[in-house]
Amino acid sequence: MKKFFTAIIFTFFIMMGVNMSDAKNSTDANAANYTQVRAAHILVDTKSQASGLKNRIEGGEDFAKMAKQFSKCPSGQRGGDLGYFGRGQMVPEFETAAFNLPKGEISEPVQTDFGWHIIKVTDKK
């Protein structure tokens with residue numbers, strides 16, 4: 001049944017002229033309603049590194065394995081998992097991206113004072 005609805009939505013996007021990459025990078029319309037996000041991230045030094053990792057993940061490579069191998073954050077050893085966090089606990093750029101990203105999606109590279117992040121939201125509440 002899930003495949004059926006996915007096919008209908010995909011067909012709708014094609015009929016409406018929506019590029020699937022644009023649809024995938026949409027923002028969560030309910031972002032303001034969430035008080036906590038669970039996310040994982042990969043932290044690297046450059047935008048090009050972050051973009052390359054994002055492409056590899058979108059190509060089918062495992063996010064957690066990429067985090068363990070490439071992230072310079074200690075969370076990398078946990079597959080990048082940061083656990084749940086609320087508003088005001090992360091730097092503004094990271095928080096904004098995480099709260100606005102739909103569950104299950106991967107962000108575009110996000111720059112903070114720490115470097116460049118690829119963020120994957122795993123849950124919201």
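**Buried contacts, cores and salt bridges in a predicted model**

Thr-112 counts as buried, since its relative accessibility is 7%; buried here means under 20% relative accessible area, exposed means over 50%, and partly exposed lies in between (1.4 Å probe, protein chains only). The structure is a predicted model, in which local features need pLDDT of at least 70 and side-chain atom pairs count only at pLDDT 80 or more, whereas totals for chains, interfaces and linings use all residues. Residues are numbered from 1 along each chain as its sequence is written, and side-chain values use heavy atoms, with hydrogens and water left out.

Thr-112 belongs to strand 3, which covers residues 110–112. Helices (H or I, at least four residues) and strands (E, at least two) are DSSP runs, numbered from the N terminus. The side chain of Thr-112 forms a polar contact of 2.8 Å with the side chain of His-117. A polar contact is a pair of N or O atoms within 3.5 Å; within protein, one atom must be able to donate a hydrogen and the other to accept it, and residues adjacent in sequence count only if both atoms are side-chain atoms. When neighbours within four places in sequence are left aside, Thr-112 is in contact (heavy atoms within 4.5 Å) with Val-91, Glu-93, Phe-94 and His-117.

The protein chain contains five helices and four strands, arranged along the sequence in the pattern α-α-β-α-α-β-α-β-β. Of its 125 residues, 37% are buried. Among contacts between residues at least 6 apart in sequence, 61% join residues at least 24 apart. The accessible surface of the chain is about 7600 Å², and carbon and sulfur atoms account for 56% of this area; accessible areas come from the Shrake-Rupley method with a 1.4 Å probe, and for residues only the protein chains shown count as cover.

In soluble globular proteins, nonpolar side chains tend to be buried together. The largest nonpolar core in the model has 12 residues, namely Ala-40, Ile-42, Val-44, Ala-50, Leu-53, Ile-57, Phe-63, Met-66, Ala-67, Ile-106, Trp-116 and Ile-118. Such a core is a set of buried Ala, Val, Leu, Ile, Met, Phe, Trp, Tyr and Cys residues joined through side-chain atoms within 4.5 Å. Two or more residues of this core come from each of strand 1 (36–44), helix 3 (47–58), helix 4 (63–70) and strand 4 (115–124). Apart from this core lies another, of 11 residues, among them Phe-94, Leu-101, Ile-119 and Val-121. Within the largest core, Phe-63 touches Ala-40, His-41, Ile-42, Ile-57, Gly-79, Ile-106, Ile-118 and Lys-120, not counting residues up to four places away in sequence.

Two aromatic pairs were identified, where rings of Phe, Tyr and Trp (its six-membered ring) pair if their centres lie within 6.5 Å, and planes under 30 degrees apart count as stacked, over 60 as edge-to-face and the rest as tilted. The Phe-85 and Phe-94 rings have centres 6.0 Å apart and planes at 55 degrees, so this pair is tilted. Relative accessible areas of 2% for Phe-85 and 3% for Phe-94 class both residues as buried. The rings of Phe-85 and Phe-99 have centres 6.3 Å apart and planes at 80 degrees, so their arrangement is edge-to-face. This second pair links strand 2, which holds Phe-85, with helix 5, which holds Phe-99, across 14 residues. Phe-85, Phe-94 and Phe-99 form one aromatic cluster.

The structure holds six salt bridges, each defined as a side-chain nitrogen of Lys or Arg within 4 Å of a carboxyl oxygen of Asp or Glu. One of these joins the side chains of Asp-81 and Arg-38 (2.6 Å, N to O). Asp-81 lies in strand 2 (residues 81–86) and Arg-38 in strand 1, so the bridge ties together parts that are 43 residues apart in sequence. Asp-81 is partly exposed at 22% relative accessibility, as is Arg-38 at 30%.

A salt bridge also connects Asp-45 with Lys-72 (2.5 Å, N to O). Asp-45 is in the loop between strand 1 and helix 3, and Lys-72 is in the loop between helix 4 and strand 2, 27 residues apart. Lys-72 is partly exposed, with a relative accessible area of 43%.

The side chains of Glu-108 and Lys-54 meet at 3.3 Å (N to O) in a further salt bridge. Glu-108 occupies the loop between helix 5 (92–100) and strand 3, while Lys-54 lies in helix 3, so the pair ties together parts that are 54 residues apart in sequence. Glu-108 is partly exposed at 40% relative accessibility, whereas Lys-54 is buried, with a relative accessible area of 5%. Lys-54 and Glu-108 are linked with Glu-58 in a network of salt bridges.
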